[in-house]
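Open the model in your viewer and keep the selection tool at hand. The stops below say what to select next and what is there.

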Amino acid sequence: MPEPTKKEDEEEASPPGALPPEWSVGESPSGEDQDKQTANNQLSTLFVEKPQGGTVKVGGNITFIAKVKAEDLLRKPTIKWFKGKWMDLASKAGKHLQLKETFERHSRVYTFEMQIIQAKENYAGNYRCEVTYKDKFDSCSFDLEVHESTGTTPNIDIRSAFKRSGEGQEDAGELDFSGLLKRREVKQQEEEPEIDVWELLKNAKPSEYEKIAFQYGITDLRGMLKRLKRMRRVEKKSAAFAKILDPAYQVDKGGRVRFAVELADPKLEVKWYKNGQEIRPSTKYIFEHKGCERIMFINNCVLTDDSEYYVTAGDEKCSTELFVREPPVIVTKQLEDTKAYCGDRVELECEVSEDDAHVKWFKNGEEIIPSPRSRHYIKVEGKKHILVIEEATKADTAEYSVMTTGGQSSAKLTIDLKPLKILTPLTDQTVNLGKEICLKCEISENLSGKWTKNGLPIQETDRLKIVHRGRIHKVVIANALVEDEGDYVFAPDAYSVTLPAKVHVIDPPKIILDGLDADNTVTVIAGNKLRLEIPISGEPPPKAIWSRADKAIMEGGSRIRTENYPDSTTLVIDVAEKDDSGVYHINLKNEAGEAHAAITIKVVDVPDPPVAPNVTHVGDEWCIMNWDPPLYDGGSPILGYFIERKKKQSSRWMRLNFDLCKETTFEPKNMIEGVAYEVRIFAVNAIGLSKPSMPSKPFVPLAIISSSSVSFISEAVTTDTTVTMKWRPPDQIGAAGLDGYVLEYCFEGTDNWIVANTELIEKTKFTITGLPTDARIFVRVKAVNAAGASEPKYYSQPILVKEIVEAPKIRIPRHLKQTYIRRVGEAINLVIPFQGKPRPEVTWKKDGAPIDKNQINIRNSETDTIIFIRKAERSHSGKYDLQVKVEKYMETASIDIQVVDRPGPPQVVKIDDVWGENVALSWTPPKDDGNTAITGYTIQKADKKSMEWFTVIEHYHRTSATITELVVGNEYYFRVFAENMCGLSEDATMTKESAVIAKDGKIYKNPVYEDFNFTEAPMFTQPLVNTYAIAGYNATLNCSVRGNPKPKITWMKNKVVIVDDPRYRMFSNQGVCTLEIRKPSPYDGGTYSCKAVNDLGAMEIECKLEVKGGLSFCRLLLQGVPPSVIDSYLRELHSSNPEEY
């Protein structure tokens, strides 16, 4: 056989589980595909994970995933899937294509999936995914390859009966013959002649390879198929070997095998190898040389000898494989039919002819392969083989069989169910978003089961875990999402019992203010439109309410309104105004909770004009002016001021500074002495220039007033805290005039003069307030004009601030001079002012006893006293005495407070008499009148059948009444409510007996009505009126008529009936009759009449129509009017107006 090539060696060195190359399911991506993948991996603006290209077999499924980060997105992005350039796959969704999207709230990632189900060859091609959000866009492309698996049957010369046992080797093969054993009949093994298995494999179908391999002891099916492939290769001529080794050798366990090669040159050195290791001569390995023939014997073959061997001669080598076949193993003790119950431990036992023999177990013809977590495991005790089934279930009922290389046996296992009890049922749960969901139940048996959600099976994920521990079954969902909400059902296997539970996922609302400033302030320029969109979250979607100053802002508002969406709420102000500034509150609410936030909206504008400036000092040609900043700076800091001045008689203002004045004081210069001036201010902020302030008072640059002309008159008038001073005005004021006076004082022993009046006073009298008692002060006054203040004029001596005792006096408000009435539960807050100096002592008493301050709050000040009761009770009623005392003087007053409540029900209500349709009732007044007089009673009745109450009398003042107009044959109950100024009593007193209104046997006779006669002769309800028409323009005549039967209408002109004349159109609709004359001419003028006729009579009305704008004979003739008609028309005109014709 020719030497294997390097490629063949690489194929032989493939891992044990690898498939032959002709069975390959795909190839690595080409260079072009790798370039596409590299392009898709570049940075994108929206994608955080792009879909990658993939390969799938025909009939298989594949899923492509794209993820988009939503941290900066206020709404869900839009995604589209395309095949090729233009084919939108959204319209192709169905059996073979499914599109899915999910949103992870905690990580804020949108996940979009496209799943292709049962792929076909024509699904292959280039795909594209596009995602858009507002002005952002991102896309990526990927490829899908669809392959079809193909298998070929090797057409090679197969040697017979070789087997490989990988015992003790790393590349040992594994058996997998479960698909070939489908309920085979167990037959007794018979002696068969030697069969060439290679010939069988050569002529068999590929699907029968495993069946033949197991039947004839071939355990290395992969190696066999590799050998079949290798045998198809073309043999190459060898220069070192005249005859090479056979492709494969077979020997029975314990036998002897002979390997022989023939060399082309006997001088070549030969070496033998097993699995790459050189073989040395021994009792097991014997080497012989016969001329050019080199021979190796292997004695007493065991399973470890099953390997690959090769021999080298010079630089060449040839290889072969040795297969060691074991003797057939037969079943000596057959399996027995067994019955058990669910949950029991079941053992199926058999014995074979060899110790530790290889045995396969089958269930309904399918091989049983135990795993570490499987309930099935196999015990081997010498020749005894036992299949153990732990915690048997009904699904274990089947026909079990055991198979060896020399025989097989089968038996039936029957598992019956035990009655199932539900120890702990599932319970409904309401879980906050992000919390753990745990659905737990316990049943009486250790059974597996299936979990479903909304009728669909639940699959385990990283977040969702299904736990089964003994009889306890749990579903644990970490970080609950909205998608986890639904109806969950657990169904134990083999039982028709189901355990349902409902899961409701809620999420407290959240307000996302990440896009705002740290202090949540939004600034808008006045006059502009504000649209403030705030992202929100919550499940179920929360209801958003905007408010300002405890007043809600409606969605349907005009200028200020709100717009609400599931994931955001928006405040819209169409034209922002100054008054819109303030704090706006957002309140979110759903069943999971509430969320609150406050946003400050600042509307900025040009500042308000400053107040009129004050000129504090004047000189010969200068002055000093100051001013206060504007009350409203426009929402933006004041940057500075512009100052303008003008002469009082002029209208032309002149700006004094071209650089902003940062201070609120300024000194204009270069003015003309003796001329009156005015100044004004402009405030400037970042928005712009304000309107000018009001002009200052006119001022004249002159010298200040002399203080020698000012003098005090009379003595100072003092009180406990005030001093009143009077003085004379100056004798000479001067041209600048006098603006006012400033009065100052200082305490004796100090030099700190205090200004008593904050503003200039024009009067020559002023009272200094807020002085301490018994203090001594010095007083001085200054005269002020536009040039400034004069030198001060001092009072001749210090003034003593002397206390004056004033007797107390209480001023009771008018509404408290009568009884003060309040209802139970209302607040009582009474303020009683009083006078008296020094501060009076105030004492309150209730009904002659001191007031309990735990129930009634009293607060006293220098000028009033307040009595406050948060919730009035009837026990607070009574007479309250107030005493105000100043030294030996005392004043008293009294206040009557009455706390009232709703009355109790009347004590007894009884029926005194029943006659005809009347019932006489009487009752006794209630025991509890609510601390006020009973003002009336309300009486209700109820039919015994329906017991629905109806009011018959309200505000009734007596304790007896007669109820009339009752329905004959009915039975009635009555009840009475008491009423006072607080309203009706909470309960009513009902009569114990009922009143039966007996029937008196009267027979009702239906009245007889005569049929009304609706017939009527014709009558015009709206007559015709005389009309003027313009020649050439359509004219209409209208009237209305009624009559029954419907009258027939006839129109006439000059007593001639109008019939089939195309120049006239007649209409009649709902009694309104209309005659339309198309483009009339003077010929159409005349008397028109309308006549209505029916069976009861006839009526006719008429009117005159005059058409202005006549036509000549020629024009009438040109218009197609017959000459005879024209002649008649002209003759008629001549007879009517002979002077004109």
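Start with strand E50 and select Val-679, which is the bridge partner of Arg-645. Strands, like helices, are DSSP runs numbered from the N terminus: a helix is H or I with at least four residues, a strand is E with at least two. This is a predicted model, in which local features need pLDDT of at least 70 and side-chain atom pairs count only at pLDDT 80 or more, while totals for chains, interfaces and linings use all residues. Residues are numbered from 1 along each chain as its sequence is written, and side-chain values use heavy atoms, with hydrogens and water left out.

**Stop 1: strand E50**

Now select residues 677–685, the whole of E50. Nine of the nine residues are buried, so the strand is largely enclosed by the rest of the structure. Buried means under 20% relative accessible area, exposed means over 50%, and partly exposed is in between (1.4 Å probe, protein chains only). Show the side chains: Tyr-677, Val-679, Ile-681, Ala-683 and Asn-685 point one way, and Glu-678, Arg-680, Phe-682 and Val-684 point the other way.

**Stop 2: Asn-657**

Select Asn-657, in the loop between strand E48 (654–655) and strand E49 (665–666). Is Asn-657 buried or exposed? Its relative accessibility is 7%, so Asn-657 counts as buried.

Which backbone atoms does the side chain of Asn-657 reach? One is the backbone oxygen of Tyr-641, at 3.1 Å, and another is the backbone nitrogen of Ile-643, at 2.9 Å. Leaving aside neighbours within four places in sequence, Asn-657 is in contact (heavy atoms within 4.5 Å) with Tyr-641, Phe-642, Ile-643 and Phe-666.

**Stop 3**

Select strand E20 (338–341) and strand E23 (366–367), the edge strands of a sheet, each of which pairs on one side only. The open sheet has five strands in the order E20-E27-E26-E22-E23, with mixed pairing. Next to E20, select E27 (residues 408–416); the two run parallel and are joined by four bridges.

**Stop 4: a hairpin**

Move to strand E84 (residues 1064–1069) and strand E85 (residues 1072–1077), which run antiparallel and are joined by six bridges. Met-1066 has Leu-1075 in E85 as its bridge partner. Two residues lie between the strands of this hairpin, where Gln-1070 takes a positive phi near 55°.

**Stop 5: the second largest pocket**

Select Lys-100, Thr-102, Thr-461, Arg-463 and Asp-484, which are the closest to the centre of the second largest pocket among the 26 residues that line it. The largest share of the lining, four residues, comes from E6. By type, the lining divides into 10 nonpolar, six polar and 10 charged residues. Here Ala, Val, Leu, Ile, Met, Phe, Trp, Tyr, Cys and Pro count as nonpolar, Asp, Glu, Lys and Arg as charged, and the others, Gly among them, as polar. A pocket is an open set of points on a 1 Å grid over the protein atoms alone, where a 1.4 Å probe fits, with protein on both sides within 12 Å along at least five of seven lines; lining residues have an atom within 4 Å of a point.

**Last stop: the whole chain**

Zoom out to the chain, which has seven helices and 87 strands. Of its 1141 residues, 39% count as buried.

Note on methods:
Pairing = 2+ DSSP bridges. Polar contact = N/O pair within 3.5 Å; in protein donor to acceptor, adjacent residues only side chain to side chain.
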